[in-house]
Amino acid sequence: MSRRSFLAALPVLVLSGGLLACTDRPPSRDALASPSAGVSVGRSFGPLVAGMPTYPAAGNVYAAAGPNQLAPQVRGDRPLVYVPNTKSNDVWVIDPATYQVVDKFPGGPEPQHVVPSYDLRTLYVASSQIPNGGLVPIDARTGKPGAFRKLDDVYNLYFTPDGKQAIVVAEAYQRLDFYDLKTWQRVRSARFPECGGINHMDYTADGKTMLFSCEFANRMLVLDTTSLRKLREFRLTETTDGMPQDTRLTPDGQHFLVADMHAHGVYVFDAQATRQTGFIPTGRGAHGIYFNRQATLAYITNRDEGTITVLDLTTLKPTTTWRIPGTASPDMGGLSPDGKQLWLSGRYHDEVYVLNTETGKLLARIPVGRGPHGLTIWPQPGRYSLGHTGNIR
C-alpha cells in the first residue's frame, strides 16, 4: 500500500497528555545568551515563546550561525557528511576534505533525514517505514551509530524552541507526536486529517507559531506552538495539485519561503504566516531551501531539472541559476561550516553533489547508496537545532 493510500485509510485520532521535560540536555543558558528569568525578548522580534533563547543580534535569526561560528560543544566533532539512503536502508558517511566514503551503517527501515538534536550532541537518523520505522542515534563526536529505537513513522524530526520536546512528524498518520527525550515515550499527539502528508515546518522568529507544509493536500497549516491550536490554513494558488516541501523562515524573520515541487517555485508568506504575499518561479521540482552564512542569499534546489536557483533575500528575486552537468536530481542537504560549499543529495541518481557557492561550479559527484535523501554535513555553526537537516539558530 502506498503512503498516500495508507493515509486515507486512517481513522481520526487525537491523544492527549502532559508535556514532560527532557534530559537531552540543551546548551547552558549562558551559551545561548538566554535570560535567567522572566520573558525573553528577541532583539527586534518582540517577546519570545517561553524558554526560547534570545538572539545575539538584531534582525537576523541566524546571527549565531555565521561562517565557522561553531559552538564550543561541537568544535571537537569529527567533520563528516551523513547520507541516509531510503532504498538501501543505510547511511553512507563521507569525509568532506577528501570526498571519500569512509563508513557505512544501517539507518533503519526507509531512512529519510539525518537530524541534529537540539543540543547538537546527537544526530538522529529518522526512518519512516510503516510499521517498522524509528531512530538511529549517531554520536556527533565520533560519527558512530547507536542502537535503533522503534517509533511510529519518523518522517521528519523537529524540536520545540525551548528544547524540551522532540516533535516527530508522522507523515502517513497526518500527526504530530511529542516525545519525552529521556524515555522516548510519546506524551502528546495531535492529528490533522486536513493536512495530508504533513511534512516540513519552521517557526516564526518569536517561536510562537509553526507553519507546516501539507505535501499531499496542496495547502499550508498554521499552528500555535504551545497549544497546537490551528490558527489558519492556506490553499495554495499556483496549481491545483501542488506539493509543498521545504518551509523556512528567512533570516530577517520577515517572510516564510515554501518550495513547491508541482508549482515549480517558492511561495512567500508574511512574518506571522497570516497571508500569502507572493510566488517566485524557480525551476521544475522546487524542493529544498538553504541560506548562505551571510544571510543574504537562498539556494533553492530544483530536483526535476537538476538546477539550483540563487535567490536574493533583499529583493526576493532570483539572481542566477546553477545547472549541475549531465542528469541530476538535487534534493536535500546543507552548507559547509564556512559556507563555501553546498552539499546536496541526488535523490534519483544515487549520488551526492558538492558545489562551490561563489561560482556554482560542481566540485564533486560522489556515488552513494540507493535513494539518498536528507543528508547532513557536520559540524554546523549555531547554538541549537530546531530540527530537519540543519535548521540551526
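Arginine 219 is buried, because its relative accessible area is 15% and buried means under 20% relative accessible area, exposed over 50% and partly exposed in between, computed with a 1.4 Å probe on protein chains only. This is a predicted model, in which local features need pLDDT of at least 70 and side-chain atom pairs count only at pLDDT 80 or more, while totals for chains, interfaces and linings use all residues. Residues are numbered from 1 along each chain as its sequence is written, and side-chain values use heavy atoms, with hydrogens and water left out.

Arginine 219 forms a salt bridge with glutamate 233, their closest N and O atoms being 2.4 Å apart; a salt bridge here is a side-chain nitrogen of Lys or Arg within 4 Å of a carboxyl oxygen of Asp or Glu. The pair links distant parts of the chain, with arginine 219 in strand S16 (residues 219-224) and glutamate 233 in strand S17 (residues 230-235), 14 residues apart. Strands (E, at least two residues), like helices (H or I, at least four), are DSSP runs numbered from the N terminus. Glutamate 233 is partly exposed, since its relative accessible area is 30%.

By this rule the count comes to 15 salt bridges. One of them joins aspartate 202 and arginine 248, with the closest N and O atoms 3.7 Å apart, and it links strand S14 (residues 198-203), which holds aspartate 202, to strand S18 (residues 244-249), which holds arginine 248, across 46 residues. Aspartate 202 is buried because its relative accessible area is 0%, and arginine 248 counts as buried at 9% relative accessibility.

A further salt bridge is formed by arginine 303 and aspartate 331, whose closest N and O atoms are 2.5 Å apart. Arginine 303 lies in the loop between S23 and S24 and aspartate 331 in strand S26 (residues 330-335), so the pair ties together parts that are 28 residues apart in sequence. Both arginine 303 and aspartate 331 are buried.

The loop between strand S23 (297-302) and strand S24 (307-312) also holds glutamate 305, which is buried yet has no salt bridge, the nearest side chain of opposite charge being arginine 284 at 4.1 Å; Lys and Arg count as positive and Asp and Glu as negative, with His and the chain ends not counted. Not counting residues up to four places away in sequence, glutamate 305 touches Thr282, Gly283, Arg284, Arg323 and Ala328, where contact means heavy atoms within 4.5 Å. Glycine 283 is found in the loop between strand S21 (276-281) and strand S22 (286-291), and counts as buried because its relative accessibility is 9%.
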